[in-house]
Structures are given as C-alpha cells and as structure tokens.
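Please open the model in your viewer and keep the selection panel at hand.

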Amino acid sequence: MQPRNMSMSGVVDLAAVKAAGEAKAKAEQTRAEAARQGGPAAVPPSALVIDVDEAGFERDVLQRSAEVPVVLDFWAEWCEPCKQLSPLLERLAVEYNGRFLLAKIDVDANQMLMQQFGIQGIPAVFAVVAGQALPLFQGAVPEAQIRETLDQLIQIGEERFGLTGIVVDASGAGPDGGTAAAAQPVGPYDALLEAAMSALDAGDLAGAVQAYKNVLADDPAHPEAKLGLAQAELLARVQDLDPAAVRKAAADGPADVTAQIAAADLDLVGGHVQDAFGRLVETVRRTVGEDRDAARLRLLELFEVIGADDPRVTAARQALARVLF
C-alpha cells in the first residue's frame, strides 16, 4: 500500500503544531520576564554543576529539588568510566540551560550517601525530584541514551511537580571562565516552514523532512520545526506499510516489538492516539534491554508528533514513568 497524499487530519493539524510551539515559546518568555521582574535570581552557567557532600546534601539537593530536577553523579577519582561520564554530564548540564542541576558526589568522601542510595558500583547516576529519589542508570552509557533519560526526567518534573528549572544568566561566565552567549533563535523561518507545510499537503514527505531539518540545523530547539519533522517522519515510515499485514503481525505476535511499533505508528496516523500510546507503554512494560529501548524511543517520538501540551501525552508520560520507575 502506497498512499499518495497522506494527511494528519485525524491526529494533529499544522496549525495546532504551530500553536503548541508558540505557547511553549511564550511560556519560556514569561519565565524569563518573571525573573527580570524580581522572580528567582538568575545564576551563571557555572552554577549548574556543583559538588555536594553529606553536610550540604539537604540544602543543595533536597531543597533545590523542589524547583529543579537534581541529577546525582556518584564518582571517584580512581574510577576510569567516571572520567568519561562526568565530563559528559557536566556539558549536558550547561547545554540544557537550567532544566536540571548536576550534583557531583565523591563516594570516597561520602560513604554514608553511597550506602543510603544502595550503590553497588560506580559511576552511578540518580535523580531527586521534589524530594523523591529515582535511579537513572549505572555505568558509562551512550550520550543518546543519557539525553533521552534526561528529557523524560525533565518532563516528569514539569508535568507531575510543576518544576520550571533554574533561570540562567546568559551573560554570566561559563564553567571555563568564558562568557556564555544568549541562545537566540536564528530566524525568521517563515519561508521554510511554509515550504514544509506545502510539501506535506502535496505528499512530498522527503521535501517536508528536508525543510524542517534545514530550520533545525540553525535552531535545534525550534518547536514548530521539531514537531513538524516528527510528523513528516511518521508519515514517511507508514507510507509503504500494508496496514492489514502489520495489524495481523501485531495481533499474532504480542512479543514482536517491531510489529508493535509499526502498529503504533498506524494507530497514530489513523487518529487512535491513546491506542498507539497504550500499545507502546505495554510493550515497554513487558520487555527488557534493546527491545524496551526501541519501544520507549518510538513512544517519545510519537509524543513529539502530538505535542507536549496535549493531555493524552501527559497521561502517557505518567504511564511510561510508572512502568520504568
């Protein structure tokens, strides 16, 4: 089956994508404006990575976790994998611009904290969100996996606990003593975004994908382009599928992760959003290892198609958190 002119009218239209992106941008502007008007004090990027000991744990971790997710990096000087992971986490803390705080804990100097968290080996990474501890991962894992874990952690903090993060002073000195440049969109991108929408309407999925990627090459966080790209890539994935064959494979093989992922894509394109999300949450629940990661990552991609503000995404993220944590 090769439909020529597919649309997403049953899922989310491009006007909704644009509105969601504008709402998100407006929320960020409001947060920054509140800081300028006497809200939470802005901090320099260097303050996003801190060293924590047992004496300061309550102040620096538990209390701060009421405003921002705190990621705990348990490390030691003699630990070789730590020398790979810790610099990566420090870089990501600055890149995420206040969405989480990185707290580094030297286990040799803080044995009690190591025991309290039940750590058997290092590096070990935990998070504390609104006073609640969550295990994240152990060992030097790939950067892509770390980013996915952080994205989900931040989303949980926002949706469950209303954590808005730390306001970062873009003019302050960075960890290397330099000056951090303000992250400003490079636009405008009206022509590229219009071209992408026209390509989608014409069924030119490759053209739409490329147009959105052109925007994201200059502005990786552009909300409308991110959502539009997720939509176009979904359509590209399903355009050559035989729906009947996919659904039969999924029904015959509940443990077939590839079949469940393909069926979830079809569910979403057909407007059955909750069915798609529920199918993948259940797949994550009953799988392990690479299969679990594949289902989880596809679910996160489908969240991008619908948009973070949609209540169905909120509910599915909570369900995913329950099966993961």
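**Before you click**

This is a predicted model, in which local features need pLDDT of at least 70 and side-chain atom pairs count only at pLDDT 80 or more, while totals for chains, interfaces and linings use all residues. Residues are numbered from 1 along each chain as its sequence is written, and side-chain values use heavy atoms, with hydrogens and water left out.

**Stop 1: the largest nonpolar core**

Select Leu268, Phe277, Leu302 and Phe303: of the 47 residues in the largest nonpolar core, these touch the most other members. A nonpolar core here is a set of buried Ala, Val, Leu, Ile, Met, Phe, Trp, Tyr and Cys residues joined through side-chain atoms within 4.5 Å. Buried means under 20% relative accessible area, exposed over 50%, and partly exposed in between, using a 1.4 Å probe and protein chains only.

Now colour the elements that give two or more residues to this core: α6 (190-201), α7 (205-218), α8 (223-238), α9 (243-252), α10 (257-269), α11, α12 (289-306) and α13 (311-324). Helices are DSSP runs (H or I, at least four residues), numbered from the N terminus. Which element gives the most to this core? That is α10, with nine residues.

Apart from this core lies another, of 27 residues; Leu48, Phe57, Ala103 and Val128 are among them.

**Stop 2: Leu302 and Phe277**

Zoom in on Leu302 in helix α12. Leu302 counts as buried because its relative accessible area is 0%. Not counting residues up to four places away in sequence, Leu302 touches Leu234, Arg237, Ala264, Asp265, Leu268, Ala276, Phe277 and Leu280; contact means heavy atoms within 4.5 Å. Draw a distance line to Leu280, 22 residues apart from Leu302 along the chain: their C-alpha atoms are separated by 9.9 Å.

Phe277 comes next. With the residues up to four places away in sequence again not counted, Phe277 touches Leu268, Leu299, Leu302, Phe303, Ile306, Arg312, Val313 and Ala316.

**Stop 3: α11 against α13**

Show α11 and α13 together. They pack at an angle of about 10°, with their axes 9 Å apart. Axes are lines fitted to C-alpha atoms, for helices over the stretch in contact, and angles run from 0 to 180 degrees between N-to-C directions. The two helices are therefore roughly parallel to each other, as angles under 35 degrees count as roughly parallel, over 145 as roughly antiparallel, 65 to 115 as roughly perpendicular and the rest as oblique.

On the α11 side, select Val273, Gln274, Phe277, Val281, Val284 and Arg285; on the α13 side, Arg312, Val313, Ala316, Ala319, Leu320, Val323 and Leu324.

**Stop 4: α9 against α10**

Switch to α9 and α10, which pack at an angle of about 130° with their axes 8 Å apart. That angle makes α9 oblique to α10. To see the contact, pick Pro243, Val246, Arg247, Ala249 and Ala250 in α9, which meet Ala259, Gln260, Ala262, Ala263, Leu266 and Asp267 in α10.

**Stop 5: two threonines**

Go back to α11 (residues 273-285) and find Thr283. Is Thr283 buried or exposed? Thr283 counts as buried, at 1% relative accessibility. Leaving aside neighbours within four places in sequence, Thr283 is in contact with Val257, Gln260 and Ala295.

Finish at Thr287, in the loop between α11 and α12. Thr287 is buried, with a relative accessible area of 10%. Its contacts, leaving aside neighbours within four places in sequence, are Val257 and Arg292.
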